[in-house]
Amino acid sequence: MTNAPAITVFHDGDCPVCRAEIRFYSRIDRSGAIDWRDITRLSDDELPDGKSRDDLLGRFHVQDRDGSWHIGVGAFARIWRALPGFRHFAWVFSVPGIRQLAEVGYRGFLAWQQRNRRARAAKEQSRHAA
């Protein structure tokens, strides 16, 4: 039996909503079942094989210990299956209609997040130019 985390979560540490969510989940993950990785702090060498920083920032990614990937809404369901108190609710993402609605909501969030990421980058760039 290994003590390695069951899953690795790749999250956007520059996103305020993502940071809050990860803090919340981290407090629940007392057993260390999840390895939380901030994509914005990883060097290029630390990125997982076959994934670019843009891939990981473009959609939420979770990797199982066996190397399989869960992306988007499936990644959220995988986190829930790893967390006590949430694992019994992960099935909701497999219910026809609910998964599709969750995916639509998630894509809306991604559009908002990408606009804000560009705005933060432009603000940072103008601050450095001044």
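Buried means under 20% relative accessible area, exposed over 50%, and partly exposed in between (1.4 Å probe, protein chains only). Strands (E, at least two residues) and helices (H or I, at least four) are DSSP runs, numbered from the N terminus.

I noted the ground rules next. This is a predicted model, where local features need pLDDT of at least 70 and side-chain atom pairs count only at pLDDT 80 or more, while totals for chains, interfaces and linings use all residues. Residues are numbered from 1 along each chain as its sequence is written, and side-chain values use heavy atoms, with hydrogens and water left out.

Why is β1 largely enclosed by the rest of the structure? I checked residues 7-11, and five of the five are buried, so the strand is largely enclosed.

I then looked up the pairing (two strands pair if DSSP finds at least two bridges between them). Strand β2 (residues 34-38) runs parallel to β1, with five bridges joining them. Strand β3 (residues 61-64) runs antiparallel to β1, joined by four bridges.

I followed Phe 10 to both sides. In β2, Phe 10 stands opposite Arg 37. In β3, its bridge partner is His 61.

I also traced the path from β1 to β2. With helix α1 (residues 16-28), the two strands make a right-handed β-α-β unit. Right-handed means that, with the strands pointing away from the viewer, the path from the first strand over the helix to the second runs clockwise.

**Entry: Arg 78**

Is Arg 78 buried or exposed? I found Arg 78 buried, with a relative accessible area of 14%. Arg 78 sits in helix α3 (residues 73-82). I listed its contacts (heavy atoms within 4.5 Å). Leaving out residues up to four places away in sequence, Arg 78 touches Ala 6, Ile 7, Val 62, Asp 64 and His 70.

**Entry: the whole chain**

I counted four helices and four strands. From the N terminus on, they run β-α-β-α-β-β-α-α. The C-alpha trace spans about 55 × 35 × 30 Å along its principal axes. Of the 130 residues, 36% are buried.
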